[in-house]
Amino acid sequence: MCAKPTTPPQRVTAMLGPTNTGKTHYAIEKMLGHRTGVIGLPLRLLAREVYDKIVALRGPSVVALITGEEKIIPPRAQYWVATTEAMPLEIGADFVCVDEIQLCADPDRGHVFTDRLLRARGLVETLFLGSDTMRGAILGLIPRVELLRRDRMSALSYTGQKNLSRLPERTAIVCFSVDAVYAIAEVIRRTKGGCAVVMGALSPRTRNAQVALYQNGEVDYLVATDAIGMGLNLDIKHIAFAATGKFDGRRMRALYPQELAQIAGRAGRHVQNGTFGTTGEVRPIAPEVIEAIEAHRFDPIRKLYWRNHDLDFGTVDKLIRSLEAPTSDPWLTRARDADDVVALKTLSQLPEVAEKLTSPQRIKLLWDVCRIPDFRGVSESEHASLLAMIFGFLTGRGLARTRIPHDWLEKAVDRIDKSTGDIDTLSKRLAYIRTWTYVATADGWVQNEDHWRQATRAVEDRLSDALHTALAQRFVDRRTSMLMRRLKQKETLVAEVNDKGEVMVEGEYAGRLDGFRFAQDMREGSGSGEGVANATLRQAAMEALRPELHLRADRFYNAPDTEMDFTTQGGLMWGNSAVGKLVKGAEPQRPQVAAFVDEDAGPEVAEKVTRRLQHFIDRKVAAGFEPLLAMGRDEALTGLARGFAFRMTEAMGVIAREAVAAEVKDLDQPARAALRKHGIRFGQYTVFMPALLKPAPTRLRLVLWSLWNGLEEFPESPPPGLVTIPNLPAVPRSHYTLAGYHPAGARALRIDMLERLADILRALDSKAGFEATPDMLSITGMSAEQFADLMGGLGYKATKGERVKVRAAAPVVVDDTPRVNPITEEESVFAAPEVVEPAAEAAPEMESFYTYTWAPKPRFERPARRPEGEGQPKENRNDARADAGRKSGGQNRGQKRASQGSEPAKDGAPTAAAAADGAASARPDRRNDRGSTKGDRKDGARGGGDRADRKGADRGKPRDDFKPKSFEARPTRPEKPIDPDNPFAALMALKSKL
């Protein structure tokens, strides 16, 4: 099959929709309507299920099955069922279908599905089945594709959290590890009578036998991995997630919403509604995820994993380069190295392998060997050793191709062909035999291929039956049977605690001692026997725990503070054990503690733990807030200074200046000086104590403030060392202030860095405009664009421009070494003059820059005022305006400025509250933290005074003196002394005399 259709044009259709829409059933009917067809499915289990359905409809003589470990190919095969990786693309079938096409976005297998999306085509019709999240990608990659939408045939709803003992019948419990599957299956057996187990690692024979237990009604519960999420149609009414995260082969991660929906969609088949929820210790699913699952709406897939299919087998290096070839398609991204590429790189470095790579055929054979999956789940080196051995068998010692020796393969299979052992042993043997089943299905790798395909299949069947028998017997609950037997015999149970805190009763695990609380390994059940057994188990365990709890309490009381800590949510930890929590006290800086101690431990243990925790947190507060507490104890602070110190204590050392604008303005210089001695800095935007901006006090401040204000979820402190953090709309502004940051634009800048920046900006001409200096960018750690956004949040207008980039002139090197001219005199006379072509002028290199001007948001519109003197003769207007100028001066002018200074700041603009020493309202505080009064007039023009006293003083001044005044952020320029050598000095002196 080709990626591009030939005449007649093929029909390409994509049927998209959620689970339980009948897509697979539709594909089977469409394939059987054609003369030949191929369908690719994501799992071997699902491929076997579809194969059995088609065989039941058309008979085994026309249906073929191809997977990595199994090949059933009758001579007159018309319909081919295969896993996606094993699809026969070369047979030229009329119909081709690929199921679960959304797996193109899977990091591990996505490149296989993307290759089928781009290249797998039927001669007549091609069909892709999958989620609606692939709509945009399919439209972007496949021209003239026809999209079909299928809606779910039943409703799917969320029912919340339920205990395992309260799960309804016909429930599938989903988890993502073998140990978890077996543990939950054991609990279900004791409480519900039994369950079936379905995992992707099971062979089809074992899986079918387990599903039959469930489908036949012998058990009402199924414990499975996400293997049930890919097309296994079972009679399930409810899906219970025992985990919402899994290990994807590289890391632990949470399931994506579409993955949860794929699994939850197994509940409710055909027109029967289904439900889903959580069980065990899983956190409830987020409301937005629940809504997306119920409405089947998810974010579209924007990137598909891709790997080059046009491989170059000239050399190993060429093969690796072709596998790592990039793509320019915006919908595609190169997949990370899969296991086969990793194996190829490893084997090509081995001398015994490299010396045999003498032809493209040998390199192609090496690539085929590297594609053997690691069914055993061993290390890369161990798997590579097996592959190197197989490649050595297939290449022999000469140039001719050989096969795996019959005797060697027979011994390897015989070692596995044992049906005894526990579940883990049988599962490992099944994984091992799958490797040899895969090898036996490869063409030309073994002698007598039919014999080995049948032999390996027979071994797999025997191991599958043995594993099913072991699973059917379930997991014997030895502890419950032992407890019930001892209760009937009225014997005393013996319990002990080991060094790991595990409580053992009669040698059986009964629970764990976490801190000073006993977490019993409960066996919940509806029968009275389970309740009596649990009560008896706890009674025996606590008898052994009481001495241990007293010893632990003594060790805890004498433990240093370094072994304890508090969490960002107010928890109290001793090592890795939770031993208490913080609760609201009488004052914000005096929290109380609540110890986590079992009632059975006794009041003495609880009192000792509580007292030690209280000592710990009191010392933490005293050490973290030492400057703040010292200021509160200072009796020298009186009046307004003491009141302001109380405000700072309430705010725990950090408070926005606009919140205390009036109090700051009322403070005189001695009061400010007294407060500065305690470390208080009066910044332009924030009043704070720099010592309390360190990570430890900040973390403590956030916890205490959240505790005092009764928050359910406490804000976490930013990581130490960050100058800026994102300014999230959902985070309240007060949280940033408590964390030591000031929001401005898309980022929040650390308070101390903001004040350093304000000090620089205060010396610049914000009216004429200025550019950002390297010091400004260094303080904020931002690029020019980010700095422009920050300045916009502080009330400045950023104007972007371009100019020719000025480059530093290259230094001119003068060489004084005498040179000998090789040109003779005759040559210099007769030589033709050299014509120098003028060099084309290169386009100048441009650079972007920003100019910043102060542009705060308007606070209010001043009412229009009629100028005095209007209606008078022109010669009298100047006198009237002069009188108005005098009336506007003096005390009233100072009052006007003070009233303007009390206006609240908007969007971080500097205000008169920030310049509480009497500076103009439109100008930042020039004194700031240094108390300087530079720029204030000493002639009393700003102060009070009677208007009548100065009436007529300004008479005759030009009208421009009475225009509205403008102020700017730069300091007043000092007058320069007159240079006596200046030629205009005499004229200036004469002018002063006149």
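Q: Before we look at the sheet, when do two strands count as paired?
A: Two strands pair if DSSP finds at least two bridges between them. This model is predicted, and in it E28 and strand E29 (residues 686-688) pair in the antiparallel sense over two bridges.

Q: Which residue stands opposite Val687 in E29?
A: That residue is Phe682. The ring of Phe682 also has the charged end of Arg672 over it, 5.4 Å from the ring centre.

Q: What is the strand order of the open sheet?
A: The order is E27-E29-E28, three strands with antiparallel pairing. Strands E27 (654-656) and E28 (681-682) are the edge strands, each pairing on one side only.

Q: And which helix packs on the sheet?
A: Helix H26 (residues 751-762) does, touching E27, E28 and E29. The direction of H26 makes about 125° with that of E29.

Q: Changing topic: how many aromatic pairs are found in the whole structure?
A: The search finds 13. One of the pairs is Tyr158 with Phe276, which is tilted, at 5.3 Å centre to centre and 55° between the planes.

Q: Which parts does that pair tie together?
A: Tyr158 lies in strand E9 (residues 156-162) and Phe276 in strand E16 (residues 274-279), so the pair links parts 118 residues apart in sequence.

Q: Is Phe276 buried or exposed?
A: Phe276 is buried, with a relative accessible area of 0%, whereas Tyr158 is partly exposed at 22%.

Q: What about Phe516 and Trp574?
A: They form a stacked pair, 6.0 Å centre to centre with 10° between the planes. Phe516 counts as buried at 0% relative accessibility, and Trp574 counts as buried at 16%.

Note on methods. Residues are numbered from 1 along each chain as its sequence is written. This is a predicted model: local features need pLDDT of at least 70, side-chain atom pairs count only at pLDDT 80 or more; totals for chains, interfaces and linings use all residues. Side-chain values use heavy atoms; hydrogens and water are left out. Helices (H or I, at least four residues) and strands (E, at least two) are DSSP runs, numbered from the N terminus. Contact means heavy atoms within 4.5 Å. Axes are lines fitted to C-alpha atoms, for helices over the stretch in contact, and angles run from 0 to 180 degrees between N-to-C directions. Rings of Phe, Tyr and Trp (its six-membered ring) pair if their centres lie within 6.5 Å; planes under 30 degrees apart count as stacked, over 60 as edge-to-face and the rest as tilted. Buried means under 20% relative accessible area, exposed over 50%, partly exposed in between (1.4 Å probe, protein chains only). A charge sits over a ring if NZ of Lys or CZ of Arg is within 6 Å of the ring centre and within 35 degrees of the ring normal.
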